[in-house]
Amino acid sequence: MAESIPIVDRARARGDQLALIDDRGSMGYAELLDASARAASRLLDARDDLEGARVAFLTPPGTDYVVAQWGTWRAGGIAVPLCTMHPAPELDYVIGDSGAELIVAHPEYHAVLEPIARARGVRLLSTETLRDAQPRPLPTVPGDRGAMLIYTSGTTGKPKGALTTHATLSAQIRSVVEAWEWREDDRILHVLPLHHLHGILNLLCAAMWSGATCEFLPRFDPERVWERIADSEELTLFMAVPTIYAKLTEAFDRADTERQAAMSAGCKRLRLMVSGSAALPVPTLERWRTISGHTLLERYGMTEIGMGLGNPLHGERRPGHVGVPFPGVDVRLVDDAGSEVADGTSGHIEVRGPGVFDGYWNREEATREVFTDDGWFKTGDVAVREDGVYRILGRQSVDILKTGGYKVSALEIEAVLRTHAAIAECAVVGLADPQWGQRVAAAVVLAPGQQLKLETLRSWGKEQMAHYKVPTLLRVVDALPRNPMGKVQKPAVSELFQG
Ligand code: AMP
C-alpha cells in the first residue's frame, strides 16, 4: 500500500461513502479503490510499473472515467483524457503526440478508436475488461512522476500537452479545496467536459480529494440540470462556464411561474455557484443573481496553472472582477520589459507556485518561451489590479487590440455593446488595417425582433465610450462561433468579416 498518490491515499479513510454517481449507477470510495486497483493491474499486465507511460482514455463521464484515471495513476502511468466530442483526426493527433502506449475505451468509442489503435500499433483495452482483472502489487509512485497531460490549444498552432506531476496536481487541488472549503458532505453536479482542466480539477479532483460526492450528467442539458437543481435535496455545489449560465437562464425563462419558484428554491439550497474559464458578462451575473440568489463566484485559471485568481468565498464578490490570488499562488502584473506595474496600470499576468505545470510534452522550446528566467509562468493574459482586486482585460493576443496607437480591451467594448437593447450577444475582434493597425469589429446576435445598422450602433457607441473603441465594422449573425467548451472562438469571429 505504499503508493503515495495523495488523492488515492486520502480515499482509504472514506470507506463506503458515496464517491460517484452517473447514469448507470453509483460507486463508493472503497469500491473505487478496489476497481482502480484492478484497472491498474490490467494496465500493468506483466510490468511492475508503467514508469510514466501515457495511457489515453475515452469514456462517458462517470465511474468508468475515474476508474481509468486512477487505474493509470496507480499503475505509474500518465493519464491522457481524450475528448468525447473530437472526431477521429483529433483523437489520433493526441494519441500520436502524447506517444500513448495504451488506449482505454468504453465500448461506445471502440469503433472510432480501433482503426487508430491498429494503425499506430497501440493496445486498445475496453473499460469492461479493466474491472475484472485480478489485483496485483502496485508500484510506489513518486510525487515527481507525471500524472496527467491535458491538451490545450493556446492561441496558435496545434494543441500541446500540458504536463502535471502528482506533486503539481496535488498542489492545484489543495488550493481549490482550501479556497472553496470543500468538505465531505458536499455534492457537486458535474456537466463539464472531462478532457479540460475545469471539469477535471475544480469539480472531480476537488470532490475526490475531499471525500465528497460527484454526480455526473452524461452531457450538459439545461432541462436536466434544472431538474436536478430543483428536485435534489443533496446538491451543494454547481460550477460551470458563462455560456452554461446563459443557457440555464434561457431555460428558466421558458418555465412557468410555479416551476421557476422551485428552480430558484433549488439554487438557494446550494452553498456555492462558481463561473470560470471565460469572462463572465456582468449582465449574466446580475440576471443569475435575480434567478438564484447567488452572486456567482468568478475565478480565473488556466490549464497550465490550475486556478490563479478568484473572488472570495466569504466577503464581497465584485462583478466583472476575478478577485485575488488562490492560496499558495503568487501572481504579478508586469509591463513589456518584465517590471511589475503599479495598481491601476494594466500588465501581463505572471504566475508562480507549486501548482504551475511542468512543461509542454516534448516541446522544450515552447516550454522555455512561457517561463521567465526567474521561473514565472507567462499566461499571455492582461489584467489590471484595482484596490488589490484583479480585473481581466483579455488575452494579449486576441482580446487586447491596438487601434490608432490606443490599447483597448475587446472585453470592455463587448460589455458596453451588451447594454444595447438590440444586442443579445456579441464578440469584438481586431482586424488588421494598414491605417489603424487594427480596426474594431463587432459580430452580434440580435435580441428577438430587433434590427441594427452600423450607423445607429456607431452614433450610440460614441455616447458610451471613447471614439476609438467604437466598432467600425458590424456583422449580424445567427450565432457566435464557439468551441465545445462554449468559449467564443475569436479567430473564427474574425473570419466572419472576410470578403
Ligand atoms: P484554458 O486553459 O482552456 O482553461 O483557458 C485559459 C484561459 O481562459 C485563460 O488564459 C484566460 O484567457 C481565459 N479565462 C479563464 N478564466 C477567465 C475569466 N474568469 N475571465 C476571463 N478570461 C478567463
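The model is predicted, and every value below is computed from it.

Let's start with the overall layout. The chain is split into domain 1, covering residues 6–141, and domain 2, covering residues 400–497. Going by C-alpha atoms, the centres of domain 1 and domain 2 sit 44 Å apart.

Next come two helix pairs. Helix α2 runs over residues 29–44 and helix α3 over residues 63–74; their axes come within 7 Å and cross at roughly 60°. That angle makes α2 oblique to α3. The crossing in which α2 passes α3 is right-handed. On the α2 side, the contact is built from L32, L33, A35, S36, A37, A39, A40 and L43. On the α3 side, V66, V67, W70, G71, T72 and R74 take part. Sorted by class, the residues of this contact between α2 and α3 come out as 10 nonpolar, 3 polar and 1 charged.

The other pair is helix α10 (residues 242–254) and helix α11 (residues 257–269), whose axes come within 8 Å and cross at roughly 145°. Here A251, F252 and D253 of α10 meet Q260, M263 and S264 of α11. The class count for the contact of α10 with α11 is 3 nonpolar, 2 polar and 1 charged.

Helix α2 also holds Y29. With a relative accessibility of 0%, Y29 counts as buried, because the cut-off for buried is under 20%. As for G306, which is 277 residues away from Y29 along the chain, the two C-alpha atoms are separated by 25 Å.

S98 is another residue found in a helix, in this case α4, which spans residues 88–98. S98 has a relative accessible area of 0%, so it is buried. Again leaving out neighbours within four places in sequence, S98 touches R54, V80, L149, Y151 and W361.

Now for some residues in loops. H420 sits in the loop between α14 (410–417) and β22 (423–433). Is H420 buried or exposed? With a relative accessible area of 15%, H420 is buried. Once neighbours within four places in sequence are ignored, the contacts of H420 are L452, L457 and W460. Take L457 from that list: H420 and L457 are 37 residues apart in sequence, while their C-alpha atoms are 8.6 Å apart in space.

E51 is not a glycine, yet its phi is positive, at about 50°. E51 is placed in the loop between α2 and β3, the strand of residues 54–58. Its relative accessibility is 58%, so E51 counts as exposed. S277 is not a glycine either, and its phi is positive too, at about 85°. The loop that holds S277 lies between β12 (272–276) and α12 (282–292). S277 has a relative accessible area of 18%, which means that S277 is buried.

Methods
Residues are numbered from 1 along each chain as its sequence is written. This is a predicted model: local features need pLDDT of at least 70, side-chain atom pairs count only at pLDDT 80 or more; totals for chains, interfaces and linings use all residues. Side-chain values use heavy atoms; hydrogens and water are left out. Axes are lines fitted to C-alpha atoms, for helices over the stretch in contact, and angles run from 0 to 180 degrees between N-to-C directions. Helices (H or I, at least four residues) and strands (E, at least two) are DSSP runs, numbered from the N terminus. Angles under 35 degrees count as roughly parallel, over 145 as roughly antiparallel, 65 to 115 as roughly perpendicular and the rest as oblique. A crossing is left-handed if the near helix is turned anticlockwise from the far one by less than a right angle, and right-handed if clockwise. Contact means heavy atoms within 4.5 Å. Ala, Val, Leu, Ile, Met, Phe, Trp, Tyr, Cys and Pro count as nonpolar, Asp, Glu, Lys and Arg as charged, and the others, Gly among them, as polar. Buried means under 20% relative accessible area, exposed over 50%, partly exposed in between (1.4 Å probe, protein chains only). Domain bounds come from an automatic or database domain assignment.
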